[in-house]
Amino acid sequence: MGAIEVRPEKVYSYTGYVRSYRRKSWCPEIMDVVCRDYKDDAAPPVMLEAKDEIKQYLEELMGCQFEESRMRMTFHFNEWCELHAIDVLDASGEVVKQIKHGVEWRPFIGEVGAVIGPWAGPAEEETET
């Protein structure tokens, strides 16, 4: 008998926006994410599975009002539609941030120094003593 040869995992990419997401009641550690590219009408939507740090990132991203929540992204996933990485793109299509498992992704783009909503009080001024 010959040696068993393991094929390398295929990696696919999809560029677009998060359209919606849902948590699976039977498996709460996995989240389904529907991605859609609004700039390309011919591109079909895709449904991907997110877990761990990427799931946490997407949950917090969809609940925030920072610039990053409206930026285009490239989603990298395997042949089982498991999301492995996300590249956040600027207006020219260049990668400005990458989200991977085990890598810190805070703060959001636009979060530093941002004042969101009427509940944010006036900025504290430094006083000299």
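# Close-up views of the predicted model

**View 1. Ile86 and Ile99 are bridge partners, the latter lying in β6.** Strands (E, at least two residues) and helices (H or I, at least four residues) are DSSP runs numbered from the N terminus, and two strands are said to pair if DSSP finds at least two bridges between them. By that criterion β5 and β6 are paired in the antiparallel sense, with five bridges linking them. The two strands form a hairpin in which five residues lie between them, and within this turn Gly93 adopts a positive phi of about 90 degrees. This is a predicted model, in which local features need pLDDT of at least 70 and side-chain atom pairs count only at pLDDT 80 or more, whereas totals for chains, interfaces and linings use all residues. Residues are numbered from 1 along each chain as its sequence is written, and side-chain values use heavy atoms, with hydrogens and water left out.

**View 2. Six strands make up an open sheet in the order β3-β2-β1-β4-β5-β6, with antiparallel pairing.** Seven bridges connect β1 and β2 in the antiparallel sense, and Val18 is placed opposite Cys35 of β2. Along the sequence the protein reads β-β-β-α-β-β-β, and its helix, α1, lies across β1, β2, β3, β4, β5 and β6 while running at about 40 degrees to β5.

**View 3. The largest nonpolar core has 25 residues, of which Tyr57, Leu58, Phe75, Leu83 and Ile86 touch the most other members.** Two or more residues each are given to this core by β1 (11-24), β2 (27-36), β3 (46-51), α1 (52-62), β4 (73-78) and β5 (83-89), and α1 supplies the largest share, four residues. Such a core is a set of buried Ala, Val, Leu, Ile, Met, Phe, Trp, Tyr and Cys residues joined through side-chain atoms within 4.5 Å; buried means under 20% relative accessible area (1.4 Å probe, protein chains only). Leaving aside neighbours within four places in sequence, Leu83 is in contact (heavy atoms within 4.5 Å) with Leu48, Glu49, Ala50, Ile54, Leu58, Phe75, His76, Phe77 and His101.

**View 4. Trp105, located in the segment after β6, is buried with a relative accessible area of 7%.** Not counting residues up to four places away in sequence, Trp105 touches Glu53, Gln56, Tyr57, Glu60, Lys97 and Ile99. Although Trp105 and Ile54 are 51 residues apart in sequence, their C-alpha atoms are 9.4 Å apart in space.

**View 5. The protein averages a pLDDT of 84, and 85% of the residues score at least 70.** In residues 118-123, by contrast, the pLDDT is below 50, and this stretch has one contact in the model beyond near neighbours in sequence. The score is the predictor's confidence in each residue, from 0 to 100, and where pLDDT is low, the predicted coordinates should not be read in detail. Of the 129 residues in the protein, 33% are buried.

Key:
Buried < 20%, exposed > 50% of the residue type's maximum accessible area, 1.4 Å probe, protein only. Axes fitted to C-alpha atoms, helices over the stretch in contact; angles between N-to-C directions.
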